[in-house]
Amino acid sequence: MAVDPNARQIILNFAGGSLRMPVGNAKDLFGENYDLLKPNGVPYNKRIKSHKRTRVIGGPVSDVSEHDRDYMKWPTSQSNNAGAGNVAMMYWEGSGNPWQVRYTGASADLATFLATSSPKPVGFTTSRGTAYGVLLGDVNLGD
């Protein structure tokens, strides 16, 4: 059975969270050959607290001092990353209708990511009804 490659899901990491949407929508929103659609990690820094370490059971104990650790954060299949996150209806110029996406992290971080990454005007409405970004369509702004 053939599967449309544009119907598959893609997970995009951004500073503060991740976004899950169909590949075809991502291509339309960000561009067909957009570098963001290539799998790239996001730099991540974690502070490791001081602790004691035993390298071999029954062996001597050594102290590990507090330090920073730099990682690359990659999309993973664990909990499907954004698959268990928040639901939003996303729309952009040319999308026709709003599309459902899932995201993790703060809505404001997603709005910042979209505003800096998409060449098209884009917005989304959270499941609580809060709108971020541009408002497209019939919007009653109150006369």
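Helices here are DSSP runs of H or I with at least four residues, strands are runs of E with at least two, and both are numbered from the N terminus.

A quick word on the source: this is a predicted model, where local features need pLDDT of at least 70, side-chain atom pairs count only at pLDDT 80 or more, and totals for chains, interfaces and linings use all residues. Residues are numbered from 1 along each chain as its sequence is written, and side-chain values use heavy atoms, leaving out hydrogens and water.

Now, which residues of helix 1 are buried? In helix 1, residues 23-30, they are V23, N25, A26, L29 and F30, where buried means under 20% relative accessible area with a 1.4 Å probe, protein chains only. These residues lie on the same side of helix 1, because they cover an arc of only 160 degrees around the axis, taken from the directions from the helix axis to the C-beta atoms.

L114 touches L19, L29, F30, M90, V122 and F124, leaving aside residues up to four places away in sequence; contact means heavy atoms within 4.5 Å.

Finally, strand 7 and strand 8 form a hairpin with six residues between them, and G94 in the turn has a positive phi of about 95 degrees.

Definitions and conventions:
Buried < 20%, exposed > 50% of the residue type's maximum accessible area, 1.4 Å probe, protein only. Pairing = 2+ DSSP bridges.
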